[in-house]
Amino acid sequence: MRVAVAPNGPELSNIVAGMWRLADWQLNIQARIRFIEEALALGISSFDHADIYGDYRCEQLFGEALKVAPHLKAQIQLVSKCGIKLTSDNHPYQLNHYDTSAAYVRAQVDASLANLGVEQLDLLLIHRPDYLMDAAALAGTFRELQKEGKVAHFGVSNHSAAQFALLDDQFPLVTNQLELSVLEHQSLDDGTLSQCQSKCIRPMAWSPLGGGRLFSGQDPAALRVRAVLEDLAKEYSCSLATIAYAWILRHPSRPLPITGSGRIAALKEATAALEVRLSNEQWYRLWVACRGHDVP
Amino acid sequence: MRVAVAPNGPELSNIVAGMWRLADWQLNIQARIRFIEEALALGISSFDHADIYGDYRCEQLFGEALKVAPHLKAQIQLVSKCGIKLTSDNHPYQLNHYDTSAAYVRAQVDASLANLGVEQLDLLLIHRPDYLMDAAALAGTFRELQKEGKVAHFGVSNHSAAQFALLDDQFPLVTNQLELSVLEHQSLDDGTLSQCQSKCIRPMAWSPLGGGRLFSGQDPAALRVRAVLEDLAKEYSCSLATIAYAWILRHPSRPLPITGSGRIAALKEATAALEVRLSNEQWYRLWVACRGHDVP
Amino acid sequence: MRVAVAPNGPELSNIVAGMWRLADWQLNIQARIRFIEEALALGISSFDHADIYGDYRCEQLFGEALKVAPHLKAQIQLVSKCGIKLTSDNHPYQLNHYDTSAAYVRAQVDASLANLGVEQLDLLLIHRPDYLMDAAALAGTFRELQKEGKVAHFGVSNHSAAQFALLDDQFPLVTNQLELSVLEHQSLDDGTLSQCQSKCIRPMAWSPLGGGRLFSGQDPAALRVRAVLEDLAKEYSCSLATIAYAWILRHPSRPLPITGSGRIAALKEATAALEVRLSNEQWYRLWVACRGHDVP
């Protein structure tokens with residue numbers, strides 16, 4: 001189930017397990033190991049981290065599991081992100097801001113490697129577009145990290161097409177991790193997904209279930225979308241979540257959705273979507289339900 | 001009066017006769033033949049169709065005329081479009097949606113050729129941007145249709161600059177058919193017309209009279225624009241419509257306006273615009289009238 | 001303190017003196033000479049003009065000073081702009097509009113040279129994007145003016161990324177002069193500054209103090225920004241204006257801010273910013289103060 005994100009890699013699992021809320025799940029080390037093993041059994045071998053997730057603690061929680069079960073390291077791929085300076089008790093910045101300087105990126109990569117207890121990240125993303133990014137300098141930092149073996153591949157997250165192009169001109173990026181769901185899909189129109197397709201790279205899709213709004217939102221768009229999801233779930237004998245993932249997977253940019261749950265059952269709903277191919281008509285039914293008007 | 005739409009063709013008449021409402025005009029076959037002949041006499045040799053116009057019936061109405069007067073075929077150029085699945089009595093889709101798969105595009109081209117009773121379309125456009133378009137696959141379909149002689153050239157309609165680029169990278173497109181009129185000209189600012197100019201291709205302009213709003217609209221913009229049109233029409237001793245067409249023709253992307261009327265007099269108002277060259281000042285007077293504020 | 005705006009020049013001073021309001025300052029010729037000399041003493045050797053500034057009179061006022069003190073000519077760089085037809089008593093157009101025809105651009109360059117009393121402009125900008133611009137023809141005009149020695153380099157002002165690309169494809173432009181200040185920075189997001197960085201050209205920044213709103217604006221954004229400016233000014237022992245200039249200079253596109261004042265003290269506040277390097281955190285504090293929300 002692993003797919004090449006870009007012509008020269010990396011190869012990640014088509015569904016990626018998001019570790020954003022790992023700390024919230026309150027799993028002891030054995031439960032964390034079990035979660036990784038069960039994800040692997042489902043074909044989910046790639047894990048999406050960021051230095052700042054869980055108030056900077058998620059990578060360490062994950063690393064503790066790998067330390068006890070080191071055989072897992074060879075079976076998984078690790079994605080992480082850096083570039084956000086998030087204020088917290090241990091990081092008393094005046095306010096959240098961005099930093100893509102060589103010093104900060106190197107420091108955060110070293111921290112991620114130490115916390116995860118591995119020697120290399122398969123993929124490092126710049127978390128948010130930093131207005132102060134020096135593209136040439138950052139590309140140099142990428143080259144150094146690659147040469148040192150600390151990071152295999154590089155990409156970005158939440159970058160506009162112009163912001164992506166600026167860095168990609170200096171260093172070939174392998175992905176743009178974007179918000180994409182039936183409820184939030186401005187990336188369909190703002191040129192970012194078109195750019196991924198033009199460059200033959202696959203986007204990663206965060207918040208594939210609209211942050212839960214898909215299931216509990218009471219706004220008109222959420223209500224309309226939920227009704228269609230229920231219809232289609234009945235037709236395919238699957239869950240609403242599976243249809244929501246299938247909607248993302250159907251896009252020709254071939255996105256890699258990132259799950260958000262600590263329940264294996266939820267991960268199964270995601271991988272089940274790999275077996276569901278929505279028709280064009282079904283895909284547009286969901287698009288129309290969200291927009292509240294016909295296609296033009 | 002024929003002009004090259006792109007460096008390698010096709011050559012269309014500078015004013016194109018739009019067949020969108022052919023069914024509404026309720027012309028018998030002889031009247032349809034007369035319409036074509038009179039258009040040709042005015043120098044309008046290109047006819048803009050789509051598979052779905054007139055609830056999928058316009059192409060056939062046009063083809064019936066060509067069957068009775070087959071000598072006309074060598075004198076005209078035929079543009080058609082496909083990609084929209086429009087619900088109707090004979091096409092009971094659940095909702096309108098798009099389809100740019102090989103199977104559907106090929107089926108619709110075959111239907112257009114059969115309905116028109118010709119062996120080749122001069123130009124085929126993808127009617128609307130299909131989020132589910134597989135650019136590489138569609139380019140392959142274009143190459144096959146071209147090789148088989150069924151379609152000579154390909155373009156798109158209503159595509160954003162990024163959407164255009166995605167397909168154009170795979171297969172060189174010869175036009176982007178866009179809405180453009182004194183009242184609706186966001187294509188001036190959204191990069192689509194600039195892209196046409198950069199690529200040395202000519203856009204086609206649909207709804208050149210703002211769908212009639214230019215003449216009967218009671219909104220402030222329509223009232224302001226109409227007042228200036230009346231002024232300029234007096235100055236050039238022509239109709240308001242002629243000035244509205246001249247405004248489009250003055251743009252450096254050199255658009256090909258598409259008429260919408262079944263009256264030959266209306267077509268004459270369009271071709272008359274080829275003799276009117278608005279000054280920069282007159283062009284901006286109309287722009288300012290629509291926007292309701294000075295140029296910055 | 002001179003910097004190359006583009007790989008092949010021109011070299012301008014990092015702070016450029018804007019002559020927009022020269023006529024308002026009501027300086028006699030000796031005072032104008034003194035202003036130029038004092039600017040030069042501060043390292044500000046480049047002066048930003050436009051044909052239309054001061055109701056078409058500023059260039060002449062500047063030229064009168066150069067005529068009396070011709071030794072200054074070799075020490076300064078002159079930037080001018082054309083393309084706007086501004087209505088005034090001596091220019092009774094029906095309305096303000098744009099004109100980038102060969103005839104008008106050539107006429108305005110000749111007028112600028114005559115009014116300034118020099119043989120060459122170091123840099124000529126197209127003042128506003130002209131929808132009616134014929135890019136190939138304008139590029140030809142640029143080449144002629146360059147060959148004739150009348151203008152050394154060419155750029156644009158206020159052009160979108162697509163509009164810039166259209167002309168740049170025909171003739172390599174050296175800058176895009178954009179509005180940029182702590183209070184007005186949509187160029188951070190609209191792709192124009194990214195484009196400058198991708199092309200290794202430096203933008204020029206007009207209205208760097210938000211047209212005075214930075215100091216006297218009573219809207220929430222201005223109040224929030226002013227509070228942070230006061231904080232930082234205290235920290236760096238400098239003026240609010242110096243911090244506002246430092247904010248612009250910190251952007252990786254390396255903009256050249258254009259002053260607007262006739263007071264040498266105000267120019268000193270601008271050049272003082274060359275010695276202030278805001279931290280990432282300080283830069284984002286000002287961005288957040290303007291936007292009124294955290295970074296995402």
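Which residues form one aromatic cluster with Tyr98(A)? Select Tyr131(A), Trp247(C), Trp283(C), Tyr284(C) and Trp287(C) along with Tyr98(A), and the cluster is on screen. Keep in mind that this is a predicted model.

**Stop 1: chain A against chain C**

Show chains A and C together. The contact between them takes 18 residues from chain A and 20 residues from chain C. About 1,800 Å² is buried between the two chains, and carbon and sulfur atoms give 57% of that area. Next, select Leu95(A), Tyr131(A) and Leu132(A). On the side of chain A, these residues lose the most area to chain C, and together they make up 41% of what that side buries.

What joins the two chains here? A search for salt bridges across the interface of chain A and chain C finds zero. Polar contacts do occur: eight residue pairs are counted between chain A and chain C, both residues of each pair being at pLDDT 80 or more.

Now colour chain A by element. β7 (97-98) and α6 (161-168) of chain A are the elements that give two or more residues to the side touching chain C. The largest share, three residues, comes from α6(A). Sorted by class, this side of chain A has nine nonpolar, four polar and five charged residues.

**Stop 2: Thr192 in chain C**

Move to helix α7 of chain C, residues 192-198, and select Thr192(C). Is Thr192(C) buried or exposed? Its relative accessibility is 2%, so Thr192(C) counts as buried, the cut-off for buried being under 20%. Show the side chain of Asp190(C) as well: a polar contact of 2.7 Å joins it to the side chain of Thr192(C). Leaving aside residues up to four places away in sequence, Thr192(C) touches His159(C), Ser160(C), Ala161(C), Asn176(C), Leu178(C) and Ser187(C).

**Stop 3**

Over all chains, the structure holds 33 aromatic pairs. For one of them, select Phe142(B) and Phe154(B): the ring centres are 4.1 Å apart and the planes stand at 15 degrees, so the pair is stacked. Phe142(B) is in helix α5 (residues 135-147) and Phe154(B) in strand β9 (residues 151-157) of chain B, so the pair ties together parts 12 residues apart in sequence. Both Phe142(B) and Phe154(B) are buried.

Finish in chain C with Phe142(C) and Phe154(C), a stacked pair at 4.1 Å centre to centre and 15 degrees between the planes. This pair links helix α5 and strand β9 of chain C. Phe142(C) is buried at 0% relative accessibility, and Phe154(C) is buried at 1%.

Notes. Residues numbered from 1 in each chain as written. Chains lettered and ligands numbered in written order. Predicted model: local features only at pLDDT ≥ 70, side-chain atom pairs only at ≥ 80, totals over all residues. Heavy atoms only, no water. Contact = heavy atoms within 4.5 Å. Buried area = accessible area lost by both parts, 1.4 Å probe. Salt bridge = Lys/Arg side-chain N within 4 Å of Asp/Glu carboxyl O. Polar contact = N/O pair within 3.5 Å; in protein donor to acceptor, adjacent residues only side chain to side chain. Helix = DSSP H or I, 4+ residues; strand = E, 2+ residues; numbered from the N terminus. Nonpolar A, V, L, I, M, F, W, Y, C, P; charged D, E, K, R; others polar. Buried < 20%, exposed > 50% of the residue type's maximum accessible area, 1.4 Å probe, protein only. Phe/Tyr/Trp six-rings, centres within 6.5 Å; stacked < 30°, edge-to-face > 60°.
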